[in-house]
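Subject: Structure for your review

Dear colleague,

Please find below the structure that I am handing over to you. I would be grateful if you would read the notes after it with the model open.

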Amino acid sequence: MSMAMISPAEADASPTIGSETTKADRPVLQLVGVRKVFSDFAAVDGIDVDIKEGEFVTIVGPSGSGKTTLLRMLAGMEAPTGGYISLRGQLINDVPPDKRPTCLVFQSLALFPHKTVGENIEFPLKVRKVRVAERKARALELMRIVRLPEHYYSKNVMQCSGGEKQRVALARAFAYDPDVLFFDEPLSALDYKLKKALEKELKDLHRQSGKTFVYITHSLEEAMVMSDRVGVMNQGKLVQIGTPDEIYTRPATKFVAEFFGEVNSFAVQRDGVGGWRLTDGTPMHLAKVPGNVGDTATVIVRPETMRFVVGPSKADNLIAGTIYNEYLLGSRVQYQVRSGERIHLVEAPRAAVAGLAAGDRVMIGWDARDAIVVGE
Ligand code: ATP
């Protein structure tokens, strides 16, 4: 775990960037063209982003996309090979972890195994020579915040469950009183139910503490639940950053759209008379086409906006097919519908599709406004 505050003297001695901005409108973290090249491979390839005071920003991306390398640079465990990282206007590229007012919480926790919960949480306070009674009071307060029972104060940390250890690590991170907390997949080793509970608790903790959180994960679901903004990384680049709703409804690229789960995608081209068609010539009705799209594009239709079209109901785009498979997803059902060589996905609430079964001939369709158009 990294920690410690930059003393005012150190902070004043650091070079500054972005000097025209006033303190109040500065982002807490500013990344300009941040790069990390290992030998001749760019693990992080030019990231520009401003993170605002008190924001919860989550970076998602597939394995190897550069998330951990980026976080390690933010926490001071790796130095960038290019670009600038500034914290409250101070350039921190080469400031070591223990001289930054930041703290990293990671999956392996790095708790002291032979110490009690209380001793673990109090460690940062002890380092700062805070008096015993004050330390204990603060540890108990933090334990309340992360919902650990008071009597755990004297419990050996190794006798705690995975979720409890995670709470201890969080409480210890808060004991450092950092300006920014970095999280490296802290929940990935936990079972589904506990993970879901802790996601919500972390979001509450973020709101209550007012601190800035930067979190990385593979799990988009986790990112969607907790974050103010989600950044999507691919091959060392930040391909999009926006609110969870923006990323979901207006993905900038096919990669982002497909990263958000299974989708139907169609290659389309302009038909020369102001419309669009599939490569086999079938017309495709689209409502909004972003300005940066050329003569070809990909249309994304999410399984939950694709529907069975029965009786007099209509849809702007229709496909005839046969139900090939069905999967129960809790309260929803996903159908695979085969049409020629293609398989389309339709997801619907369980109650809405009673009676459909594999082998049934069906019409499926979607409305133009539900089609997401992304450039190549
Ligand atoms: P995961 O989700 O699997 O942890 P990630 O998105 O966090 O992946 P990184 O761990 O940042 O990805 O790695 C990005 C790329 O950089 C990978 O191809 C990795 O092999 C490479 N890489 C990371 N650290 C080093 C290093 N010290 N030396 C050489 N290559 C490295």
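The notes below take up strands, cores, salt bridges, cysteines and a second sheet in turn.

This is a predicted model, in which local features need pLDDT of at least 70 and side-chain atom pairs count only at pLDDT 80 or more, while totals for chains, interfaces and linings use all residues. Residues are numbered from 1 along each chain as its sequence is written, and side-chain values use heavy atoms, with hydrogens and water left out.

Helices (H or I, at least four residues) and strands (E, at least two) are DSSP runs, numbered from the N terminus. Buried means under 20% relative accessible area, exposed over 50%, and partly exposed in between (1.4 Å probe, protein chains only).

Two strands count as paired if DSSP finds at least two bridges between them. Strand β3 (residues 56–60) runs parallel to β8 and is joined to it by 5 bridges; Val57 has Val214 as its bridge partner there. Strand β7 (residues 180–184) is likewise parallel to β8, with 5 bridges, and Phe183 stands opposite Tyr215. Between β7 and β8 the chain passes through helix α6 (residues 192–209), and this β-α-β crossover is right-handed (with the strands pointing away from the viewer, the path from the first strand over the helix to the second runs clockwise).

Nonpolar cores

A nonpolar core is a set of buried Ala, Val, Leu, Ile, Met, Phe, Trp, Tyr and Cys residues joined through side-chain atoms within 4.5 Å. The largest one has 36 residues, and those with the most contacts inside it are Val117, Ile121, Met143, Phe183 and Leu202. At least two residues of this core come from each of β6 (102–106), α3 (117–127), α4 (132–145), α5 (162–175), β7, α6 and β8. The largest share, 7 residues, is that of α5.

Contact means heavy atoms within 4.5 Å. Leaving aside neighbours within four places in sequence, Met143 is in contact with Val117, Ile121, Leu148, Pro149, Glu150, Tyr152 and Tyr153. Another core, of 26 residues, lies apart from the largest one; among its members are Val28, Ile47, Leu74 and Val214.

In helix α3 the buried residues are Val117, Gly118, Asn120, Ile121, Glu122, Pro124 and Leu125, and they pack against α4 and α5. Lys129, which follows α3, has a positive phi, near 65 degrees.

Salt bridges

A salt bridge is a side-chain nitrogen of Lys or Arg within 4 Å of a carboxyl oxygen of Asp or Glu. The whole structure holds 23 of them. In one, the closest N and O atoms of Lys211 and Asp177 are 2.7 Å apart. Lys211 lies in the loop between α6 and β8 and Asp177 in the loop between α5 and β7, so the pair ties together parts that are 34 residues apart in sequence. Lys211 is buried, at 15% relative accessible area, while Asp177 is partly exposed, at 39%.

Arg369 and Asp367 form another salt bridge, with their closest N and O atoms 3.8 Å apart. Here Arg369 is exposed, at 58%, and Asp367 is buried, at 11%.

Cysteines

With a disulfide taken as a pair of cysteine sulfur atoms within 2.5 Å, the count is 0. Cys103 is in no disulfide, and its nearest cysteine sulfur, that of Cys160, is 18 Å away. Cys103 is buried, with a relative accessible area of 0%; Cys160 is also buried, at 6%.

The antiparallel sheet

An open sheet of 5 strands has the order β13-β12-β11-β14-β20, with antiparallel pairing. Each of β13 (283–284) and β20 (372–374) has a single partner strand and stands at an edge, so one side of each is left without a neighbour in the sheet. Strand β14 (residues 296–301) pairs with β20 over 3 bridges, and Val299 stands opposite Val373.

Yours sincerely,
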